[in-house]
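Hi everyone, thanks for making the time.

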Amino acid sequence: MNKADLRARMRAARGNITPQARAQHAAQLVEFSQKVPCLLQARCVLGYMPMPGEADILALMMELHRRGVHILLPVVEGKQLILRRWAPDMPMKAGAYGIYEPGPDAPPGRLQQADVALVPGLAFDHGFNRLGQGGGYYDRMLSDGCRAVLLGVGYPFQRVEALPHLPHDHRVDGVLTGPDGFCRMACRGCPCMIH
């Protein structure tokens with residue numbers, strides 16, 4: 001199946017998720033994060049504000065912030081993503097694609113500060129390839145000296161056997177789908193083994 005067909009299939013599947021199932025999954029991500037050493041040890045995490053249908057990590061980001069972790073969020077600027085600091089009480093504004101983002105008064109952040117990057121995707125395969133929305137925003141950003149452990153975030157049905165991918169497509173180190181998350185290695189020195 002080509003990327004366009006996979007994107008259409010995954011978007012349709014995400015559209016069938018009930019609000020109750022989405023909320024339950026968000027709670028599972030918070031619970032499961034307590035078993036992921038790289039998240040427990042992180043001082044700074046790159047998160048995201050979910051688009052409609054994406055796995056909701058807002059509760060997870062609030063829990064990380066409560067633990068004293070600095071949270072960075074991407075902001076679309078032209079064809080690039082820049083980063084700004086986020087806190088739960090911070091005013092947000094609707095940005096590109098209707099995604100809420102910190103306003104221009106929020107402190108800037110740098111990708112090199114992040115210990116872990118939580119990366120949304122439409123699908124992830126067993127080779128840890130990621131299928132994004134198609135704009136290339138994350139691939140461009142992650143090419144800019146990212147040293148963070150990359151954790152894809154999605155629903156269990158977003159795990160597929162194999163994805164078409166190109167050399168510039170960034171693989172992730174692990175995928176959080178809830179209790180059945182999986183990891184391809186001891187994440188760059190982290191003893192995390194998610195199965």
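Now, is Glu63 buried or exposed? Its relative accessibility is 16%, and buried means under 20%, so Glu63 counts as buried. And what does Glu63 touch, once we set aside residues up to four places away in sequence? The answer is Val30 and Gln34.

Let's step back to the whole protein. There are five helices and 13 strands. The C-alpha atoms fill a box of roughly 45 × 35 × 35 Å along the principal axes. For 195 residues, a compact globule would have a radius of gyration near 16 Å, and the protein has 15 Å, so the two agree. Buried residues make up 50% of the 195. If you take the contacts with a separation of 6 or more, 68% of them join residues 24 or more positions apart.

The accessible area comes to about 9,300 Å², and carbon and sulfur atoms account for 55% of that. As for charge, the protein carries 22 positive and 17 negative side chains, with the centres of the two sets 2 Å apart.

Pro107 has a relative accessible area of 41%, so it is partly exposed. Leaving aside neighbours within four places in sequence, Pro107 is in contact with Arg84, Arg85 and Met90.

Finally, how confident is the prediction? The average pLDDT is 86, and 91% of the residues score at least 70. Confidence is highest in strand β1 (residues 44-46), at a mean of 97, and lowest in strand β13 (residues 182-183), at 58. Over residues 184-191 the pLDDT is below 50, although this stretch has 20 contacts in the model beyond near neighbours in sequence. Where pLDDT is low, the predicted coordinates should not be read in detail.

That's my tour, and I'm happy to go back to any part of it.

Technical notes. Residues numbered from 1 in each chain as written. Predicted model: local features only at pLDDT ≥ 70, side-chain atom pairs only at ≥ 80, totals over all residues. Heavy atoms only, no water. pLDDT = per-residue confidence, 0-100. Helix = DSSP H or I, 4+ residues; strand = E, 2+ residues; numbered from the N terminus. Contact = heavy atoms within 4.5 Å. Rg over C-alpha atoms; globule rule 2.2 N^0.38 Å. Buried < 20%, exposed > 50% of the residue type's maximum accessible area, 1.4 Å probe, protein only. Areas by Shrake-Rupley, 256 points an atom, 1.4 Å probe, with all protein chains shown as cover. Lys, Arg positive; Asp, Glu negative; His and termini not counted. Charge placed at Lys NZ, Arg CZ, Asp CG, Glu CD.
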